[in-house]
Amino acid sequence: MTKYFLDTNFIIGLILSNDDLHMKSVELNDKYDLENQDCYVSNHVLDEIITIIGQYEGSNLAYNTYLMIKDNFTILNECNIPTFNSKVMTTYLEKNINDKQKVGFTDSSIIEIIKYYHLDKLVTFDKKLAKNSPVSVISV
């Protein structure tokens, strides 16, 4: 079975009907039946999702989103990866030459998680992350 890593922007778009990426997220979810696939998020991504939904729509929807993620996807714990933060910082520095940030810390962590867990595909609308992904990207 194909293993998908889901980025923050995809899940936010899926949950928030007023998000600019809502229709694209729904389209991808339906096309790949992602809620019934082997899908993963990380604690960093979960943190971003809950924070953003909580800020814009309140803590109840943030909590229900957490439950949906917990019940349908696997939440990977980055702390289980030996020297994880050092690996992420190495990727961060490699991707951000000349002190200009092109790929953020969380995106660098996604790259490392994909490599460590041998995930197959990345679902994201982030063009910079997609360009640097070690696996094929699913987007619209």
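Reply: Helix α2 is followed by Asp33, and the phi of that residue is positive, near 50°. Keep in mind that the model is predicted. Most residues other than glycine have a negative phi. Asp33 is not a glycine, yet it has a positive phi of about 50°. Asp33 sits in the loop between α2 and β2 (38–42). With a relative accessible area of 36%, Asp33 is partly exposed, because that value lies between the limits of 20% for buried and 50% for exposed.

Now step back into the helix itself. Which residues of α2 (residues 22–32) are buried? They are His22, Ser25, Leu28 and Asn29. Seen down the axis of α2, these buried residues fall within an arc of 135°, so they line one face of the helix.

What does the buried face pack against? The buried residues of α2 pack against α1 (8–15), β4 (121–123) and β5 (136–138).

Take α1 to begin with. Two packed helices are described by the angle between their axes and the distance between the axes. For α1 and helix α3 (residues 43–57), the angle is about 35° and the axes are 9 Å apart. The crossing in which α1 passes α3 is right-handed. On the α1 side of this contact are Thr8, Ile11, Ile12 and Ile15, and they meet Val45, Glu48, Ile49, Ile52 and Ile53 in α3. By class, the residues of the contact divide into 7 nonpolar, 1 polar and 1 charged.

One of the α3 residues in that contact, Glu48, leads on to another helix. Thr106, found in helix α6, touches His44 and Glu48, leaving out residues up to four places away in sequence. Is Thr106 buried or exposed? Its relative accessible area is 16%, so Thr106 is buried, the limit being under 20%.

Next comes the strand β4. The loop between α6 (105–117) and β4 holds His118. Like Asp33, His118 is a residue other than glycine with a positive phi, here near 55°. At 59% relative accessibility, His118 counts as exposed, whereas Asp33 is partly exposed.

Ser139 is found in the segment after β5. Leaving aside its neighbours within four places in sequence, Ser139 is in contact with Leu28, Thr124 and Phe125. Leu28 is one of the buried residues of α2, and this contact brings the account back to the helix where it began. Ser139 is partly exposed, with a relative accessible area of 35%. The C-alpha atoms of Ser139 and Glu48 are separated by 20 Å, and the two residues are 91 apart along the chain.

Technical notes
Residues numbered from 1 in each chain as written. Predicted model: local features only at pLDDT ≥ 70, side-chain atom pairs only at ≥ 80, totals over all residues. Heavy atoms only, no water. Buried < 20%, exposed > 50% of the residue type's maximum accessible area, 1.4 Å probe, protein only. Helix = DSSP H or I, 4+ residues; strand = E, 2+ residues; numbered from the N terminus. Arc of directions from axis to C-beta. Contact = heavy atoms within 4.5 Å. Axes fitted to C-alpha atoms, helices over the stretch in contact; angles between N-to-C directions. Left-handed = near helix turned anticlockwise from the far one by under 90°. Nonpolar A, V, L, I, M, F, W, Y, C, P; charged D, E, K, R; others polar.
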